[in-house]
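This report describes the strands and the helix of one model, pair by pair. The sequence and the structure come first.

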Amino acid sequence: MPDPATKQLGPKLRGYLILVEKVRQGQKQLVIKDPIAMEYYQFGEIEITLFGLLDGKTAPPKIIEKMSQAHPDAEMTMDDLKKFLGEIDKMHLLEKSAAER
């Protein structure tokens with residue numbers, strides 16, 4: 001039986017990904033490298049905050065709340081979050097839950 005303390009509550013990035021924040025032309029960017037697939041992905045400032053919340057401990061409603069606090073101009077709904085998670089899941093950036101494995 002899994003330990004309840006280690007139960008994943010929300011989405012989580014794969015642990016082996018390499019995340020590098022950069023500033024290019026005055027804009028913050030996040031580059032994610034998948035060293036297994038040898039793929040690189042580039043994201044903007046809002047996504048930097050969002051990826052920081054994909055720790056497996058933060059439930060989706062809390063992610064939306066924290067995103068609203070950090071970026072009040074960028075309204076995020078549950079549908080927006082699901083769409084984003086679907087997109088990055090297609091890139092194989094999310095860990096699979098025990099049920100999905």
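Predicted model: local features only at pLDDT ≥ 70, side-chain atom pairs only at ≥ 80, totals over all residues.

Seven bridges connect β1 with strand β2, which covers residues 27-34, and the pairing is antiparallel.

The two strands make a hairpin with two residues between them. Glutamine 25 takes a positive phi there, near 50°.

## The pairing of β2 and β3

β2 and β3 also run antiparallel, joined by five bridges. In one of these contacts between strands, aspartate 34 has glutamate 39 of β3 as its bridge partner.

This pair forms a hairpin too, with four residues between the strands. Methionine 38 lies in the turn and has a positive phi of about 55°.

## The sheet as a whole

Which order do the three strands take in the sheet? The order is β1-β2-β3, in an open sheet with antiparallel pairing. β1 (18-24) and β3 (39-43) stand at the edges with a single partner strand each, so one side of each has no neighbour in the sheet. Neighbouring strands are turned against each other by 25° on average, with direction ignored.

In a regular strand, side chains alternate between the two faces of the sheet.

## The helix across the sheet

Helix α1 is made up of residues 45-53. The helix lies across β1, β2 and β3, and runs at about 50° to β2.

Methods: Residues numbered from 1 in each chain as written. Heavy atoms only, no water. Pairing = 2+ DSSP bridges. Axes fitted to C-alpha atoms, helices over the stretch in contact; angles between N-to-C directions. Contact = heavy atoms within 4.5 Å.
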